[in-house]
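Trainee: Could you take me through how a strand and a pocket are read from a model?

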Amino acid sequence: MPADPARVDLRFDGRDWPRELIDSFSEPLLPSAVLIPIVERESGLTVLLTERAANLTHHPGQISFPGGRMEAGDRDLVDTALRETREEVGIQPAQVGVAGYLSALPTVTGYAVTPVVGLVDPAIELVLDEREVASAFEVPLAFLLDSRNQE
């Protein structure tokens with residue numbers, strides 16, 4: 001887990017980030033986390049994604065992982081990701097085994113988002129918070145990892 005949940009290294013992926021974007025990160029980024037929920041199904045591994053509600057101020061209707069900003073009561077970024085996942089789609093923390101973390105990424109809205117990779121119990125029963133989530137669905141992990149499907 002990152003030592004500083006608000007730190008983002010813009011050199012980690014070899015991209016040339018636009019100068020105006022880098023300059024916009026002169027203010028401290030707010031720590032946040034998402035869960036990359038991986039579910040083992042008979043057909044193979046899948047990734048659970050959500051469609052954000054259309055009425056949200058930020059990123060309405062976008063496809064996303066469950067997650068959000070770190071709150072004062074969160075012990076760490078894992079706690080943030082698991083809390084947000086429970087709130088948004090009803091997956092309980094005990095139903096997730098944390099496998100690891102990916103490098104934090106900046107958002108244009110001022111957050112440092114740390115992805116937490118979790119193995120989710122396939123017996124989950126989703127309960128969507130309709131104020132935040134319009135729908136949830138699973139995509140085969142093999143499809144997401146296939147470079148022909150990435151843009």
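Mentor: We begin with the strand and its neighbours, and then turn to the pocket. This is a predicted model, in which local features need pLDDT of at least 70 and side-chain atom pairs count only at pLDDT 80 or more, whereas totals for chains, interfaces and linings use all residues. Residues are numbered from 1 along each chain as its sequence is written, and side-chain values use heavy atoms, with hydrogens and water left out.

Trainee: How many residues of strand S7 are buried?

Mentor: Strands (E, at least two residues) and helices (H or I, at least four) are DSSP runs, numbered from the N terminus. Buried means under 20% relative accessible area with a 1.4 Å probe, protein chains only, and in S7 (residues 111-120) this holds for 8 of its 10 residues.

Trainee: Which strand runs parallel to S7?

Mentor: Two strands pair if DSSP finds at least two bridges between them. Strand S1 (residues 30-41) runs parallel to S7, joined to it by 10 bridges, and Ile38 stands opposite Leu119 in S7. Strand S5 (residues 96-101) is antiparallel to S7, with 5 bridges, and here Val98 has Gly118 as its bridge partner.

Trainee: What is the volume of the largest pocket?

Mentor: A pocket is an open set of points on a 1 Å grid over the protein atoms alone, where a 1.4 Å probe fits, with protein on both sides within 12 Å along at least five of seven lines; lining residues have an atom within 4 Å of a point. A volume is the space filled by probe spheres set on the points, which are joined across faces, edges and corners, and for the largest pocket this is about 1400 Å³. The lining has 40 residues, and S1 gives the most, with 5 residues.

Technical notes: Buried < 20%, exposed > 50% of the residue type's maximum accessible area, 1.4 Å probe, protein only.
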